[in-house]
Amino acid sequence: MSKIAVITDSNSGITFEEAKELGVKVVPMPFLINGETYFEEISLSQEEFYKHLGDNVDISTSQPSPEDVMKVWEEALEEADSVVYIPMSSGLSGSCQTAVMLSEEYDGRVQVVDNQRISVTQRQSVLDALELANAGWEASDIKEYLEKVKLESSIYIMLDTLKYLRKGGRITPAAAALGSALRLKPVLQIQGDKLDAFTIARTKKQGLNKMIQAMEDDINNRFGGMDNIDNIHLAVAHTQNEEAALELKKTVMDKFGVSHVDLYPLSLSVSCHIGPGSLAIACSKAIDI
């Protein structure tokens, strides 16, 4: 059986400590803050990131350099026969296309998975890849399978503020001002490769109810129904809003009658565009092997 190394980037939310426990490697994502480059978890912690965000400094995401990506691959290939690399969605960053291009130099030993996921669903893809590798699958087969089931996941995110969408140019200043005046709570969705508008709520309670209803609809119409709930990974995520996320986790467990729901912070690449105070619900259909 081939030895396969599973590698992802920090958009997955997997920390270096967790990666060590799982037996995977993580490429840290760079951020530009006031023109200076920082690397997630190396020179930029979650706390430092949100402090910069609150200080209204210029923050933008960037791609890891080809040299940094290839260094991690080559270190892994010293011990493994092949690599399965799971970067963030190609619809949200050019880093995936860059990785695909770089992989052409490795004669098939590096398989780049473009399954259009990010944050908690990207994390689940990493766990799925590990399960498939442990079951004896080859790297190319893992890539093919993960891309085949790429749309079998959903994320819904309720924002606390429109400020960061306006700052990133995703909505106009006038729309942001009106939304803020009316205290609207936008709900975004990630279905496939993009972060899109889903609905608008007038209160946090209404927003949470709309997200839970949307997740229930997805489960019933896309993921096999409530009879298949044991084969669906449910998660709650947040941006600097853990107390509310814990309450939402309990609500989700009660609503769907499950004994376990994962809880994670959303990745900083998502937080950069939506700001602190958000809440999210995510699900991924379990792999079928």
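1. Is phenylalanine 49 buried or exposed? Phenylalanine 49 is buried: its relative accessible area is 0%, and buried means under 20%. Keep in mind that this is a predicted model.

2. Phenylalanine 49 belongs to helix H2, which spans residues 46-54.

3. Across the whole structure, a search finds six aromatic pairs. Take the pair of phenylalanine 31 and phenylalanine 49: the ring centres are 5.7 Å apart and the planes meet at 65°. Planes over 60 degrees apart count as edge-to-face, so this pair is edge-to-face.

4. Phenylalanine 31 is also buried. Its relative accessibility is 1%, and the cut-off for buried is under 20%.

5. Tyr50 forms one aromatic cluster with Phe31 and Phe49.

6. A ring and a charged side chain also deserve a look. Arginine 123 lies over the face of tyrosine 264. The distance to the ring centre is 3.7 Å.

7. Now to valine 100. This residue lies in helix H4, residues 95-103. Valine 100 has 36% relative accessibility, so it counts as partly exposed; that class runs between the 20% and 50% limits.

8. How far apart are the C-alpha atoms of valine 100 and isoleucine 274? They are separated by 28 Å. Along the chain, valine 100 and isoleucine 274 are 174 residues apart.

Technical notes
Residues are numbered from 1 along each chain as its sequence is written. This is a predicted model: local features need pLDDT of at least 70, side-chain atom pairs count only at pLDDT 80 or more; totals for chains, interfaces and linings use all residues. Side-chain values use heavy atoms; hydrogens and water are left out. Rings of Phe, Tyr and Trp (its six-membered ring) pair if their centres lie within 6.5 Å; planes under 30 degrees apart count as stacked, over 60 as edge-to-face and the rest as tilted. Helices (H or I, at least four residues) and strands (E, at least two) are DSSP runs, numbered from the N terminus. Buried means under 20% relative accessible area, exposed over 50%, partly exposed in between (1.4 Å probe, protein chains only). A charge sits over a ring if NZ of Lys or CZ of Arg is within 6 Å of the ring centre and within 35 degrees of the ring normal.
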